[in-house]
Amino acid sequence: MKGHIVSSFFLMGSFAACTTTVKQTAEPVDYAAMVNPFIGTDFTGNTYPGAQAPFGMVQLSPDNGLGGWNRISGYYYPDSTIASFSHTHLSGTGAGDLYDIPFMPVTLPYKEDKESGLGIYSKFSHAEEKASAGYYQVKLQDYDINVELTATERCGIQRYTFPKAQAAVILNLKRALNWDFTNCSSVQVVDSCTIEGYRFSEGWARDQHVYFRTRFSKPFKSVQMDSTEVKLKGQKVGMAYVAQFNFDTQAGDQLVLATSLSSVSAEGAAKNLQAEAPHNDFDRYVTEAKAEWNKQLGKIEVQGNDAEDKVKFYTALYHSMLAPTIFSDVDGSYRGADKQIHQTNGWVNYSTFSLWDTYRASHPLFTYTEPERTNDMIKTFLAFYEQHGRLPLWPLWGAETEMMIGYHAVPVIVDAYLKGIGDFDSEKALEACVTSADMDSYRGVGLYKKYGYIPYNSAIKGEENWSMSKSLEYAYDDYCIARMAEKMGKTDIAKRFYDRSQNYRKLFNPETGFMQPKDDKGQFIPDFNPDDYTEYICESNAWHYLWSVQQDPKGLMELLGGQDKFEEKLDSMFTHHPASDEELPIFSTGMIGQYAHGNEPSHHVIYLYNLTRSPWKTQQYVAKVMQELYLNEPGGICGNEDCGQMSAWYVFSAMGFYPVDPVSGQYEMGTPLFPELKLHLNNGKTFTVLAPNVNKQNIYVQSVKVNGQVYDKTYLTHQQIMDGATVEFEMGPQPKK
C-alpha cells in the first residue's frame with residue numbers, strides 16, 4: 001500500500017496549518033507476471049512459450065528446428081536448440097502447421113546442421129530463458145546474442161542484443177516443419193531498413209497466404225538472397241527464398257525488428273505495421289502488451305495464499321485467450337473461405353477455431369469474459385457460411401481443415417443467442433445452423449438423417465469413419481438448433497431437431513450398457529469391447545462416448561436403469577483399469593480409470609455425479625484433477641491444450657462450476673479453488689464466489705448460500721451470474737453425504 005501525503009502549504013502570505021491526510025490505494029496486481037507460458041511445453045501439452053497479444057494474429061515464438069509430434073507448437077521444453085523465431089503457431093493442437101516468417105540472428109560464421117534438417121541453429125539453456133504474458137527472452141549461446149520478443153495484435157517485435165561481431169539476421173522462407181510445405185515465397189527490399197514479401201504454403205492450413213512487412217531499427221549493411229525452385233509432383237510451383245541481412249555490431253548493440261502480418265496483401269501488412277508498430281521502442285511495446293494482458297486477466301480476480309494455484313489459474317486463463325485468433329487487418333479486410341478478399345463492417349474477423357474442443361468450455365467462458373469478441377466470432381461464422389456454404393468445422397487462416405467432427409459452431413451460436421449476446425443476424429444464424437445440419441453430402445449427415453445414426457459399415461474404404469461418435473455429436477448439435485428455433489418461435493424446426501436430438505437412444509445397447517456402433521441393417525457390431533479404441537469412435541472408446549448426451553443426461557439415466565445404476569456406471573468409469581498407460585493411444589492421457597482428462601469427450605463427465613445421490617464425488621474428482629493433473633511445470637497439462645479448452649475447464653472448475661450442457665444456461669457446481677473469486681462482468685456487475693475455509697483438504701461442500709440465502713440446488717444459472725450474485729460455499733474435509 002502506498003500513502004500519498006498532502007503537505008502543509010502557505011496561503012496569501014500567512015501560515016496555515018493544513019491537516020495531513022493519507023489516501024490508501026491498492027497496488028495494481030501484475031497478473032501478467034503470474035503467467036507461466038512454459039506450462040504445457042513438455043509432455044503432451046503442445047503449447048509455445050513465446051509472445052502474443054490476447055487473441056492476436058501473431059504468435060511470435062522460438063522453434064527448436066525439428067519436426068515431430070512433440071514439436072507441433074514449434075517448441076519442446078526438453079530440446080536444447082533454437083533454429084528460428086517465427087510469427088505463427090498453434091496452441092496445443094495435435095496437428096503441426098504454420099511457423100511462418102522465421103527470423104534467426106547469428107554471428108558469422110554460423111552453425112548449421114543440414115543432415116538432420118535442423119539447419120542454422122544455436123544451443124540455449126533454460127537458465128538463460130524466461131517468459132511472462134506478452135514477453136519472451138532467451139540467450140543464443142553459440143552467438144552470445146540475447147533475444148527478446150513481444151507482440152501487438154498483428155505485429156511481432158524482436159530485440160536482439162549483439163556482441164562485437166560480424167552479425168546477420170536470416171529470414172528463411174523455404175523452411176517448413178511438420179505438415180507444412182512452402183509453395184512460393186518472395187522477399188523485396190523496400191529501403192535500407194524495410195523489407196516485405198509473402199509466403200504461400202500448403203499444409204493443414206490449405207492454400208495459406210501470409211504477407212509480411214518488416215522494419216529494422218538500423219540499416220542493414222548488405223543483403224544476400226538465395227532462391228530455390230519449388231517443385232511439386234515434378235512441376236514447378238514457385239520459388240523459395242532465403243535472405244541474409246548483414247550488420248557490423250559492437251558489444252551491446254541492439255537491433256529491433258517489427259514484423260506485421262496480413263492474409264490480404266503486402267499493402268495490408270504495411271498498414272498493420274504503421275497502425276500497431278510505428279516506432280522502435282521495444283520496452284514500450286512490452287509495457288503495452290503487459291498492460292493489455294493485465295486488463296484481460298484482471299477480469300477474474302482471485303484471492304488466496306497459494307501462489308502455485310494462482311500461477312496455474314492465470315496461466316490457464318492466459319491460455320484460454322490465445323485462440324481464436326484475429327484474422328482481419330486493421331482496415332477490416334481479410335481473405336475469406338472462398339479465397340476472395342472481403343471487408344468487415346465494424347467487426348473483427350477471427351480464425352483458428354478448434355470447435356470440437358472449445359464449444360464445451362472455452363466459448364461458454366467467452367460469453368462472460370469476451371462478449372464483444374463472441375459477437376464478432378459468430379459474425380465470422382456467418383461470413384464463412386456465406387462464402388463456403390456451411391458453418392466452419394476447424395478453420396485455420398481462413399481455410400477449412402476438415403478436422404474432427406460435428407457441426408459445433410452451432411452450440412457457440414445458440415449459447416450466445418440464448419444469452420442475448422451481440423447484434424448478429426439471428427435469422428441468418430438459424431438458417432446457417434439448419435443448412436449445415438441438413439447437408440446430406442457432409443460427412444455422413446445424409447446417412448444420419450436416414451437411419452438416425454451413421455452405420456459403421458457405410459464408410460468408403462480409405463476415408464474416416466468415427467460413425468458412432470459423429471452420430472452422438474450430431475444429436476447434441478441438433479438439440480442446440482431446436483433450442484434456438486424454439487425461442488424464435490419456429491415450432492416446426494424445433495420439433496424436427498428435438499426429435500433428432502433423441503437419436504442417441506438408437507445406439508444404446510441395453511445388453512452391454514453402452515453406446516455401440518450399428519450397421520445399416522440395425523444390428524449392433526459384434527465382438528464389442530467398450531475398452532477398445534476403434535475406427536468407429538473418435539479418439540476415445542465406448543466408456544468416454546457413453547456420456548456424450550449432454551442434452552439429455554436424465555434420458556441416459558433412464559436407459560441405464562435409473563439413478564443408482566447411473567451412479568454405479570460412473571463409479572466404474574473412474575475405477576476400471578483395463579490397460580497400462582503404455583498401451584493407451586497418445587490422446588488418452590490424464591487417466592483416472594477410464595476417465596481421460598487429456599481429451600475433451602470426458603470433460604463434462606465428472607460433473608454428472610450431481611445427478612446422483614452422491615454429488616460429493618464430483619467434488620472429489622474435480623479437486624483431484626485440479627490438484628494432480630494441472631501443475632506449475634512444463635509438463636503441467638495432461639493432454640493437448642487444444643486452443644484453450646483444457647485451460648477453460650480449469651478456469652470454470654476453479655470458479656466452482658462447469659457447463660455440462662453449454663446451451664442450457666445452467667452450470668453444475670463442483671468445488672471452488674480459492675477463498676474468494678470475483679468475475680467482473682461486462683454489464684458492470686461482479687459475480688462473487690466465497691469459500692473461506694477451502695484448502696487442499698477442505699474440498700467437500702457442506703452447504704451453499706446464494707445472496708445470503710440457503711441454496712439447495714446443485715447448479716447455478718446464467719442469470720444468477722449476470723445479476724452479480726454472491727455464492728458462498730461452506731467447505732469441509734469430509735463428504736456431506
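**Figure 1. Lysine 569 over the face of tryptophan 543.** The side chain of lysine 569 lies over the face of tryptophan 543, at 5.8 Å from the ring centre. Lysine 569 also lies over the face of phenylalanine 514, where the distance from the ring centre is 3.9 Å. A charge sits over a ring if NZ of Lys or CZ of Arg is within 6 Å of the ring centre and within 35 degrees of the ring normal. The model is predicted, so local features need pLDDT of at least 70 and side-chain atom pairs count only at pLDDT 80 or more, whereas totals for chains, interfaces and linings use all residues. Residues are numbered from 1 along each chain as its sequence is written, and side-chain values use heavy atoms, with hydrogens and water left out.

**Figure 2. Aromatic pairs.** The whole structure holds 47 aromatic pairs (rings of Phe, Tyr and Trp, the last by its six-membered ring, with centres within 6.5 Å; planes under 30 degrees apart count as stacked, over 60 as edge-to-face and the rest as tilted). The pair of phenylalanine 216 and phenylalanine 245 is tilted, because the ring centres are 5.1 Å apart and the planes stand at 50°. This pair links distant parts of the chain, 29 residues apart: phenylalanine 216 belongs to strand 18 (residues 208-216) and phenylalanine 245 to strand 20 (residues 235-249). Helices (H or I, at least four residues) and strands (E, at least two) are DSSP runs, numbered from the N terminus.

**Figure 3. The stacked pair of phenylalanine 574 and tyrosine 621.** These rings lie 4.3 Å centre to centre, with 15° between the planes. Phenylalanine 574 in helix 14 (residues 563-575) and tyrosine 621 in helix 15 (residues 616-628) are 47 residues apart, and both are buried.

**Figure 4. A cluster of aromatic rings.** Ring pairs join Tyr368, Tyr607, Tyr630, Trp649, Tyr650, Phe652, Phe657, Tyr658, Tyr667 and Phe687 into a cluster.

Figure 5. A cavity is a set of points, on a 1 Å grid over the protein atoms alone, where a 1.4 Å probe fits but cannot get out; lining residues have an atom within 4 Å of a point. Grid points are joined across faces, edges and corners, and a volume is the space filled by probe spheres set on the points. The largest cavity has a volume of about 100 Å³. It is lined by 17 residues, of which Asn349, Tyr350, Thr380, Phe384 and Gly398 are the closest to its centre. Helix 6 gives the most to this lining, with 5 residues. The lining of the largest cavity comprises 10 nonpolar, 6 polar and 1 charged residues (Ala, Val, Leu, Ile, Met, Phe, Trp, Tyr, Cys and Pro count as nonpolar, Asp, Glu, Lys and Arg as charged, and the others, Gly among them, as polar).

**Figure 6. The second largest cavity.** Its volume is about 70 Å³. Among the lining residues are Ile39, Lys312, His319, Tyr630 and Tyr650. Helix 3 (307-319) and helix 16 (645-655) each give two or more residues to the lining of the second largest cavity, and the largest share, 4 residues, comes from helix 3.

Figure 7. The strands follow the order 33-34-39 with antiparallel pairing (two strands pair if DSSP finds at least two bridges between them). Strand 33 (657-658) and strand 39 (715-717) are the edge strands. Strand 34 (residues 666-669) pairs with strand 39 over 3 bridges, and glutamate 668 has tyrosine 715 as its bridge partner in strand 39.

Conventions
1 Å grid on protein atoms, 1.4 Å probe; cavity = no way out; pocket = protein on both sides within 12 Å on 5 of 7 lines; lining within 4 Å. Buried < 20%, exposed > 50% of the residue type's maximum accessible area, 1.4 Å probe, protein only.
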